[in-house]
Amino acid sequence: MKLTTKKGRRIILSKNLLVEDAAGKMETLVDSLRNLSPARVRSSSFDEPVSENDGQISSWIALHPSALDMFDKIMSDAEGKQIIMFLDYDGTLSQIIEDHDNAYVTDEMREVLKEVALNFKTAIISGRDTDKVQSFVKLTGIYYAGSHGLDIKGPTNIDQSDQEVMLQPANDYLPMIDEVVNILKEKTRSVPGATVEHNKFCLTVHFRRVDEKGWTPLAEQVKSVLNDYPKLRMTEGRKVLELRPSIKWDKGKALEFLLNSFGIEESKDVLPVYIGDDRTDEDAFKVLRERGQGLGIVVSETPKETNASYSLRDPSQVKEFLKRLVKWKKQTLGEESDE
Ligand SMILES: O=P(O)(O)OC[C@H]1O[C@H](O[C@H]2O[C@H](CO)[C@@H](O)[C@H](O)[C@H]2O)[C@H](O)[C@@H](O)[C@@H]1O
């Protein structure tokens with residue numbers, strides 16, 4: 001039996017639950033989860049490759065150069081343009097850790113983000129519940145698009161510290177998501193390490209703390225629930241399976257909606273920059289690539305299929321990039337006021 005998920009990705013219900021990878025090859029769902037969050041590569045860096053994967057890493061880096069190494073070029077391309085920052089949360093602003101409820105940003109990252117938001121229009125686009133991301137980031141003056149863009153809030157004009165709902169295109173799904181969260185919590189209760197996270201308009205089943213031997217049965221449990229809810233679709237992330245409304249909405253659409261609501265969708269004088277690490281961020285990279293406008297920066301320690309143009313290794317490099325961006329902006333403003 002075949003099911004179709006996100007943008008035509010195929011799931012074949014067989015003993016091993018086959019899915020189609022980003023390049024169109026079939027792989028087991030469990031391999032897919034493993035590949036989406038590979039173990040950290042400690043012995044080699046993209047700058048100084050020393051491992052046996054050197055060849056692979058350097059050809060990937062040639063295609064997706066480091067945004068830090070290319071900083072001056074990126075800024076010279078940005079000259080005269082309004083930069084708009086779009087940032088993913090987990091794995092981009094915060095480190096990937098085992099306990100998803102404790103994946104806070106560091107104080108240093110928060111300070112940098114505060115400066116970014118003061119100098120550029122900034123949005124954080126996450127799979128998490130909007131209120132949860134906001135409670136982790138604790139900054140005002142930022143646009144927050146949680147539930148993979150299904151819940152978009154932004155600062156009100158009157159009071160920058162207040163947030164108002166800008167778009168919630170899947171309101172009708174709320175009771176269904178509540179129901180499925182409860183069913184999955186009950187079903188997975190006996191699987192050591194498995195947790196189900198309610199992300200308001202979608203939900204996440206976490207595999208990270210489950211022994212790999214238990215991944216296939218857990219994935220089967222999720223699939224069997226999905227079969228009873230044809231109005232939901234399944235996507236994969238970093239050691240997670242997620243169920244969300246099967247409406248045509250994703251992080252790419254959220255990015256376009258925000259550009260539109262800023263009144264600059266058509267403007268050529270705008271440079272949207274999107275930084276993200278997960279497969280769901282590819283929808284946003286793809287939008288930028290297809291528009292031929294803006295920069296996608298993938299956060300990854302290992303080569304992977306991506307529509308992004310540049311790369312950064314991890315959240316600490318993201319922080320470094322954001323710091324340099326703020327410094328560049330302040331210098332530019334200083335030069336302008338000297339003229
Ligand atoms: O769109 P994002 O902001 O990247 O959110 C995607 C999912 O991120 C979280 O899970 C990931 O981070 C956890 C904490 O580091 C980690 O334990 C998990 O394995 C990762 O997949 C979040 O918990 C999910 O709800 C988000 O959908």
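**Close-up views of a predicted model**

**View 1. Tyrosine 144 stands opposite lysine 153 in β8.** This is a predicted model, and we start with a pair of strands. Strand β7 covers residues 143-146, and it pairs with β8 in the antiparallel sense over three bridges. Together β7 and β8 make a hairpin, with four residues between them. Look for serine 147 in the turn: its phi is positive, at about 50°.

**View 2. Strand β8 also pairs with β9.** Here the partner is β9, residues 163-167, and the pairing is again antiparallel, this time over four bridges. Which residue of β9 does lysine 153 stand opposite? That would be valine 165. So much for neighbours; what about cover? Strand β8 runs through residues 151-155 and is mostly covered, with four of its five residues buried.

**View 3. Helix α7 takes up residues 215-228.** Count along this helix and you get 14 residues. From its first C-alpha to its last, α7 reaches 21 Å, close to the 20 Å expected at 1.5 Å a residue. Which residues of α7 are buried? They are Trp215, Leu218, Ala219 and Val222. Seen down the axis of α7, these buried residues fall within an arc of 100°, so they line one face of the helix. As a rule, an α-helix has 3.6 residues a turn, so residues three or four places apart point the same way.

**View 4. Helix α7 has exposed residues on the face turned away from its buried side.** On that face sit Pro217, Ser224, Asn227 and Asp228.

**View 5. Stepping back, the protein chain has ten helices and 16 strands.** The chain is 339 residues long, and 39% of them count as buried. Among its contacts with a separation of 6 or more, 56% join residues 24 or more positions apart.

Methods
Residues are numbered from 1 along each chain as its sequence is written. This is a predicted model: local features need pLDDT of at least 70, side-chain atom pairs count only at pLDDT 80 or more; totals for chains, interfaces and linings use all residues. A residue is buried if 20 or more other C-beta atoms lie within 10 Å of its own, exposed if 12 or fewer, and partly exposed in between; C-beta atoms are placed from the backbone. Helices (H or I, at least four residues) and strands (E, at least two) are DSSP runs, numbered from the N terminus. Two strands pair if DSSP finds at least two bridges between them. The expected span of a helix is 1.5 Å times one less than its number of residues. The arc is that of the directions from the helix axis to the C-beta atoms. Two residues are in contact if their C-beta atoms, placed from the backbone, lie within 7 Å.
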